[in-house]
Structure formats: C-alpha cells, structure tokens
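Hi,

Here is the structure I promised to pass on.

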Amino acid sequence: MTNGARIACAQGLVRILKEEGVNLVFGHPGEQILPLYQALHRSPIRHVLMRHEQGAVHAADGYARATGGVGVCLASAGPGALNLVMGVATAYKDSVPLLVITGDVSTEFKGQNTFQDVPQAQVFQPITLHSYDVKKPEEAISKLKKALMLLKTGKTGPIHLNIPKNVFSQTVDESLLDGELEYVHIPIYGLDEALKLMESSHKPLIIAGAGVIWSGAVEKLQEFVIKNEIPVATTYPARGILPEDHPLSLGLIGLRGTEAANHAGAKAD
C-alpha cells in the first residue's frame, strides 16, 4: 500500500466490516447515511432493505441470535435513529451482540436545532454498552474497530456509532485500516474458588444465562451438568441450553419461572 493514500471514511468502514466477516446488514436509508450506503453498494456486503427502522434492528437482533455472530443495522438521523430504540433496548436486555450505525446531521449543524438534529448518542447511551458520538473520520475508523473487538471478546450487547453525514465523506489515511483487530484475552477469576464451593455443596444449582450461548459453551455445559448430575435453571434468553424435558432441567427461573426452579433457587447452598 502506498504510504499516504487516502480513502473516504465510508469506504473504510465498509472495508473493515467486510474484513471482519460481516456479510449481511439490515437497514433503511435516509439522507444523513447515504454516503455509507453508496460505499455498501460497491461492496460484496448484502444489504437487506427494511420498510421501517424498527424492523431493521429486530432483524439484526434475530440474525445475531440465530448465527451467534454480530448483527448489524443502519438508520439515518432523527426519526430514523429514534425508530431503532425499541429493538436496541431489547438487545441490551438480552445481551445480544449488535452493531448499530446511525447517520447524523453534519457537524456544522449539530446543536442548532436544525432539521433532524436530536442528541442521538445520548438517547442510546442508557441502552447500549457504548454509544460513540463520532466527530472525525479517524475516530469513526478507530471506534468501529474497537466496537467489533468488544463485541467478539467482551460482554455482549449493542454498541452504537453515531456518525455525521460530512464525516462519512471525509478521507482518512488508508494505513489506519491496516492490521487485524487486537483481541483482548479476558482472564477467568474465581474459578478455583467456585469449584471448591461446588465440591463441598450438598444442594448445588446452576443458573445458566445467555452468555453460555454467545461463548459457544452449550455442549461443554451439558457435559459438565450430566457428568456431575447438577440441576439447571435458566434465564429467559438461555432457554433451551438444556432441553426442558431433560431430567436435570428445572426450566425458567424468576418472575415467570417454574415452581421447581424457583424452589431450587431459594434452597440451593
């Protein structure tokens, strides 16, 4: 690569998505995100056009649940972005890995109460792991890389990138796109202590959450449960980790849980 070569921010974002294995995105276009759509049109990434932004985020959520990968959804500024809120909140409550990219009014119009100018990043902040309000093209590239790294190695849930229209069209040095993402190894704390507690327990109970699914540990959990004959209750998003007709499955625990699961939860040591 020639040192100093420039590339439009939107093209760089699409290239990173493709290199990180994103083959499908869901969205509804609008003025403020058109530069990203133009870059997508020239890429092999397939875009599924939805009739409403809420449909796009729910589709991306379902795609992530079905594949175990990252769901990606796109929307434009103002009402387009705000229509995503219901689906993003759902993904946040269920820890679904979701990348949400919204266009925004150009930086010179931000904070002036112009057409479609609303504080999008602040709206999404309480219902995402991170909501980045991008102001420069270099920041857009670095935040996308960080978001993809976090979604694949850390706590799962939605991450939001809010990018103004003019930033999409500005250029960055192509060298910023080089190199694979640096995935962080997350150490396991307290495993030895947990095993000791389990070995000394007379009434153990495993409460399994959806993290078992996202980490690809369903088969390992099943093997552990069967080998040690420990009953399992699940959170709502984790239903099916152990077939509910299995003798060690107590079903759902909590407000809508089964009597057996809630009794075991109260009496476990």
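**Starting from β7**

Let's begin with a strand that is mostly covered: 7 of the 7 residues in β7 are buried. (Buried is under 20% relative accessible area, exposed is over 50%, and partly exposed is in between, with a 1.4 Å probe and protein chains only. Helices, H or I of at least four residues, and strands, E of at least two, are DSSP runs numbered from the N terminus.) From β7, Pro-158, His-160, Asn-162 and Pro-164 point one way, while Ile-159, Leu-161 and Ile-163 point the other way, and all are buried.

Before going further: this is a predicted model, where local features need pLDDT of at least 70 and side-chain atom pairs count only at pLDDT 80 or more, while totals for chains, interfaces and linings use all residues. Residues are numbered from 1 along each chain as its sequence is written, and side-chain values use heavy atoms, with hydrogens and water left out.

**The six-stranded sheet**

β7 belongs to an open sheet of 6 strands, in the order β3-β2-β4-β5-β7-β6, with parallel pairing. (Two strands pair if DSSP finds at least two bridges between them.) At the edges are β3 (46-49) and β6, each pairing on one side only. Direction ignored, neighbouring strands here are turned by 20° against each other on average. (Axes are lines fitted to C-alpha atoms, for helices over the stretch in contact, and angles run from 0 to 180 degrees between N-to-C directions.)

What does β7 pair with? On one side there is β5, parallel to β7 over 7 bridges; Ile-101 stands opposite Leu-161, and Asp-104 has Pro-164 as its bridge partner. β6 (residues 130-133) also runs parallel to β7, joined by 4 bridges, and there Ser-131 is partnered by His-160. To get from β6 to β7 the chain passes through α7, and this β-α-β crossover is right-handed. (That is, with the strands pointing away from the viewer, the path from the first strand over the helix to the second runs clockwise.)

**The cores**

The largest nonpolar core has 37 residues, and Leu-13, Leu-36, Leu-74, Leu-99, Leu-161 and Ile-163 touch the most other members. (A nonpolar core is a set of buried Ala, Val, Leu, Ile, Met, Phe, Trp, Tyr and Cys residues joined through side-chain atoms within 4.5 Å.) Elements giving two or more residues to this core include α1 (9-19), β5 (98-104) and β7 (158-164). α7 gives the most, with 8 residues.

Leaving aside neighbours within four places in sequence, Leu-99 is in contact with residues including Leu-17, Val-72, Leu-148 and Leu-161. (Contact is heavy atoms within 4.5 Å.) Another core, of 21 residues, lies apart from the largest one and has Ala-64, Cys-73, Val-100 and Ile-127 among its residues.

**The other sheet**

There is also an open sheet of 3 strands, β9-β10-β11 in order, with parallel pairing. β9 (206-208) and β11 (249-252) stand at its edges with a single partner strand each, so one side of each has no neighbour in the sheet. β9 and β10 (residues 232-234) pair over 3 bridges, with Ala-233 as the bridge partner of Ile-207. Helix α12 (residues 259-267) packs on this sheet and touches β10 and β11, its direction making about 100° with that of β11.

Cheers
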